[in-house]
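Visitor: I would like a close look at one single part of this protein, and at how it sits in the rest. Could you take me through it step by step?

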Amino acid sequence: MTSEERLAIEEKVVEMLRTVYDPEIPVDIYSLGLIYNIDLADNGDLNVDMTLTAPNCPAADFLMEDARIKLESIDGVNNVNINLVFEPEWNQDMMSEEAKLELGFL
């Protein structure tokens, strides 16, 4: 995979993650700062480290499955592995400025 192909796929990954919404919060998981790492291997395998706003989030399974299905639909992505991590612990400072504005934190 060329660096241009990698960049194009990584941009599509971010675009797709911006379509995954927590049903309890009207902001996408990328803007919320729940995505910690995106790693695309040369063979198209995609590893994503993500967290939740709270460890006992009732929407955890929904969010991970929605993200996985959407990411698998991207041309050039073969296998998707979403790792749920809790370190560092998520906090509101990890949100984008747009997310903070949408949720009234600014």
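Guide: Let's begin with a word we will need: a residue is buried if its relative accessible area is under 20%, exposed if over 50%, and partly exposed in between, using a 1.4 Å probe and protein chains only. You are looking at a predicted model, in which local features need pLDDT of at least 70, side-chain atom pairs count only at pLDDT 80 or more, and totals for chains, interfaces and linings use all residues. Residues are numbered from 1 along each chain as its sequence is written, and side-chain values use heavy atoms, leaving out hydrogens and water.

Our part is D22, which is buried, with a relative accessible area of 3%. You can find D22 in the loop between α1 (3-17) and β1; helices (H or I, at least four residues) and strands (E, at least two) are DSSP runs, numbered from the N terminus. What does D22 touch, leaving aside residues up to four places away in sequence? Its partners are V27, C57, A59 and L63, where contact means heavy atoms within 4.5 Å. The side chain of D22 also has a polar atom 2.8 Å from the backbone nitrogen of E24. By contrast, V85 lies 63 residues from D22 in sequence and 17 Å away in space, C-alpha to C-alpha.

Now let's step back to the strands. Strand β1 (residues 35-40) runs antiparallel to β2, and 5 bridges join them; two strands pair if DSSP finds at least two bridges between them. Their hairpin has 5 residues between the strands, and there G44 takes a positive phi near 95°. On its other pairing, β2 is joined by 5 bridges to strand β3 (residues 80-84), and these two run parallel. The chain gets from β2 to β3 through helix α2 (residues 60-72), in a right-handed β-α-β crossover. Right-handed here means that, with the strands pointing away from the viewer, the path from the first strand over the helix to the second runs clockwise.

Finally, the whole protein has 3 helices and 3 strands, in the order α-β-β-α-β-α from the N terminus. Of its 106 residues, 36% count as buried, and D22 is one of the buried residues.

Conventions:
Polar contact = N/O pair within 3.5 Å; in protein donor to acceptor, adjacent residues only side chain to side chain.
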